[in-house]
Amino acid sequence: MTQPGISTSNKKNLYIIGGAAAILQLVTILTYSVLLGILGPKPTSAAEYFTVYQNSPLEAFLRGDFMLLVLIGLYLGTFPALYIALRRLNPVYSALALLFTLMAVAGTFATESSFSLLHLGEQYMNADSDAVRTQLQAAGEAVIASDMWNSSAAYMGGILLQGSGVMVSVIMLRSKDFSKITAYSGLLGNGFDLIQHVIHPFAPAISAGIAMFMGLFYFVWFPMLGRDFLRLAKGSQAT
């Protein structure tokens, strides 16, 4: 039965977009993991970032958070499709999950620091005195302190994003449209991600330990989510 207010063709298009976005999220995670394995981890300070930038601006950019910005931005494709698929089972929490995700993505876009650090890196490389370089390092540290990992807005945004993933995964457990593998991998991946995000400022060592294995569940969730969406798109077309 077609849900009121949404045509079959629009549902199909949203499912196709959601499926493509989920597959692209998997590709983004794999690409980012390979890049970090080849180039090295993200610089942890402005001085380290500027050193990398002087050797290769492209390397500095790729070792930053831009790929994660792409990963999180693709939730704009997956969560509207999740809302359409799950709203009959739980309209309130499906809508809240979509709203929280939109808020989290907007906050991430506002606080991601790649282009700010690129700008400062160019100025640092062309600086003609140590005093100017010191000022630029201070500016770089200020950017890092307010970026998508360290600001209060980013901290709350992470809770909203992973919390939304937990909500939709719980609803999926009651849905015949999604595999149980999809539901449980989403619940575990987002659940562990939420835990490590909440405790990171207070227990970084424990958070790092959780982060080492939580990604395995995302490697299952995204392809399964993409498969389920594309299957729903075919079902909508048949209907």
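A residue is called buried when its relative accessible area is under 20%. The model discussed here is predicted.

Q: Why is F50 called buried?
A: The relative accessibility of F50 is 1%. The cut-off is under 20%, so F50 counts as buried.

Q: What makes Y124 buried or exposed?
A: Y124 has a relative accessible area of 12%. Buried means under 20%, so Y124 is buried.

Q: How many aromatic pairs are there?
A: The count comes to 15, with ring centres within 6.5 Å as the rule for a pair.

Q: Why is the pair of F50 and Y124 called stacked?
A: The ring centres are 4.6 Å apart, and the planes of F50 and Y124 meet at 20°. Planes under 30 degrees apart count as stacked, so this pair is stacked.

Q: Which parts of the chain does this pair link?
A: F50 lies in helix α2 (residues 46-55) and Y124 in helix α7 (residues 114-126). The two are 74 residues apart, and the pair links distant parts of the chain.

Q: What makes Y218 and F222 a stacked pair?
A: Their rings are 5.7 Å apart centre to centre, with 15° between the planes. The limits are 6.5 Å for a pair and under 30 degrees for stacking, so Y218 and F222 are stacked.

Q: How are Y218 and F222 placed in helix α11?
A: They are four residues apart in α11 (residues 204-238), so about one helical turn separates them. Both Y218 and F222 are buried. Ring pairs also link them with Y75, F79 and W221 into a cluster.

Notes:
Residues numbered from 1 in each chain as written. Predicted model: local features only at pLDDT ≥ 70, side-chain atom pairs only at ≥ 80, totals over all residues. Heavy atoms only, no water. Phe/Tyr/Trp six-rings, centres within 6.5 Å; stacked < 30°, edge-to-face > 60°. Buried < 20%, exposed > 50% of the residue type's maximum accessible area, 1.4 Å probe, protein only.
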